[in-house]
Amino acid sequence: MTRKYLVAGNWKMNGSLKANAELLAGIAAQAASVPDVDLLVCPPSAYLESVGKALPAGVQLGAQNLSDQLKPGAFTGELHGAMLTELGCRYVLIGHSERRALYHETDLKAAEKYRTAQALGLIPVLCIGETLDEREAGSTEAVLRRQLEAVIDLCGIESFKSAVVAYEPVWAIGTGKTASPQQAQAAHAFLRGLLAERNANIAGSTQLLYGGSCKPDNAHELFSCADIDGGLIGGASLKAADFMAIAAAAQALAKA
Ligand code: PEP
């Protein structure tokens with residue numbers, strides 16, 4: 001089964017009107033050179049409208065978070081999914097480790113947001129991954145299983161027909177410590193196996209991204225792994241040259 005590579009930039013709480021315009025111009029200059037790669041940028045919500053209007057051809061827009069509420073209403077500070085689609089978002093990150101750790105989002109809350117995202121026409125990018133303590137305690141697979149099964153239990157395996165999963169070991173995010181291709185592939189194979197236990201076709205077509213200090217110099221090795229279908233890129237997505245070099249690594253493999 002061929003899966004398309006997806007290279008997604010998580011800008012986190014970074015950017016300005018000026019910096020975003022420069023970044024988008026850099027991406028636009030090279031977007032045509034990666035025709036076989038899906039590209040996605042996820043700016044802060046304050047910039048979704050302006051980035052959406054300046055989006056280079058072939059690049060999708062995503063949000064970093066959404067409310068779990070199905071209906072709009074009295075939820076100060078929250079963002080309803082329909083507002084995100086109105087601004088042109090196609091994707092939304094769900095359960096990023098920073099939201100889990102800093103904003104106490106539980107597995108159930110992530111699953112509820114995933115469900116709401118799909119109900120409102122967005123493709124969730126479900127982020128899961130173990131901490132360093134969990135890896136050292138030998139519980140990586142148990143953690144991945146718990147985080148993924150929270151969503152499968154609430155939303156069903158069929159929901160993965162329209163979802164992306166990002167394996168992001170917490171110890172590799174923003175630290176410069178990338179998972180080795182072997183570590184990343186083992187986790188991805190485990191996740192695909194969990195999906196395959198329920199539905200082999202869906203498991204075969206779900207894009208599984210790696211995230212955690214993915215850079216131009218390690219993207220090729222990571223993306224060469226059988227179950228790695230691209231990357232969720234934090235720091236390196238803020239520099240057009242780095243982001244597009246990572247996309248070029250995916251393009252070279254897509255064509256190989
Ligand atoms: C992320 O935040 O999703 C991420 C992968 O960050 P970084 O690439 O900076 O490690």
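**Exercise 1. Helix H8**

Which residues of H8 are buried? Determine also how the length of helix H8 compares with the expected span, and what covers its buried residues.

*Solution.* The structure is a predicted model.

Step 1. Locate the helix: H8 comprises residues 181-198, which makes 18 residues.

Step 2. Compare the lengths. From its first C-alpha to its last, H8 reaches 26 Å, close to the 26 Å expected at 1.5 Å a residue.

Step 3. List the buried residues. They are Pro181, Ala184, Gln185, Ala187, His188, Phe190, Leu191, Arg192, Leu194 and Leu195.

Step 4. Identify the cover. It includes S5, H7, strand S6 (164-167), helix H9 (200-205), strand S7 (207-211) and helix H10 (216-223).

**Exercise 2. Helix H5 and the residue after it**

*Solution.* 

Step 1. The expected span is 1.5 Å times one less than the number of residues.

Step 2. The buried residues of H5 are Asp107, Ala110, Ala111, Lys113, Tyr114, Thr116 and Ala117.

Step 3. After the helix comes Gly121, with a positive phi near 90°.

**Exercise 3. Helix H11**

State which elements the buried residues of H11 pack against, and check the span of this helix.

*Solution.* 

Step 1. H11 has 16 residues, which should span 22 Å at 1.5 Å a residue; the end C-alpha atoms are 22 Å apart, in agreement.

Step 2. Buried in H11 are Ala240, Phe243, Met244, Ile246, Ala247, Ala249, Ala250, Gln251 and Leu253.

Step 3. These buried residues pack against S1, H1, strand S2 (37-42), H10 and S8.

**Exercise 4. Ser237**

Is Ser237 buried or exposed, and which residues does Ser237 touch?

*Solution.* 

Step 1. Ser237 lies in the loop between strand S8 (230-233) and helix H11 (240-255).

Step 2. Its relative accessible area is 0%. A residue counts as buried under 20%, and Ser237 is therefore buried.

Step 3. Leaving aside residues up to four places away in sequence, Ser237 touches Gly9, Asn10, Trp11, Leu23 and Phe243.

Step 4. A polar atom of the Ser237 side chain lies 2.7 Å from the backbone oxygen of Gly234.

**Exercise 5. Positive phi at Lys12 and His104**

Classify Lys12 and His104 as buried or exposed, and give the phi value of each.

*Solution.* 

Step 1. Lys12 is placed in the loop between strand S1 (5-10) and H1. Although Lys12 is not a glycine, its phi is positive, about 50°.

Step 2. With a relative accessible area of 19%, Lys12 is buried, because the cut-off is under 20%.

Step 3. His104 lies in the loop between H4 and H5. Its phi is near 55°, again a positive value in a residue other than glycine.

Step 4. At 65% relative accessibility, His104 counts as exposed, because the cut-off is over 50%.

**Exercise 6. Gly77 and Ala28**

How exposed are Gly77 and Ala28, and how far do they lie from Asn218 and Cys127, respectively?

*Solution.* 

Step 1. Gly77 is in the loop between strand S3 (59-63) and helix H3 (81-86). Its relative accessible area of 74% makes Gly77 exposed.

Step 2. Gly77 and Asn218 are 141 residues apart along the chain, and their C-alpha atoms are separated by 38 Å.

Step 3. Ala28 belongs to helix H1 (residues 17-31). At a relative accessible area of 41%, Ala28 is partly exposed.

Step 4. Between Ala28 and Cys127 the separation is 99 residues in sequence and 27 Å in space, C-alpha to C-alpha.

Note on methods: Residues numbered from 1 in each chain as written. Predicted model: local features only at pLDDT ≥ 70, side-chain atom pairs only at ≥ 80, totals over all residues. Heavy atoms only, no water. Helix = DSSP H or I, 4+ residues; strand = E, 2+ residues; numbered from the N terminus. Buried < 20%, exposed > 50% of the residue type's maximum accessible area, 1.4 Å probe, protein only. Polar contact = N/O pair within 3.5 Å; in protein donor to acceptor, adjacent residues only side chain to side chain. Contact = heavy atoms within 4.5 Å.
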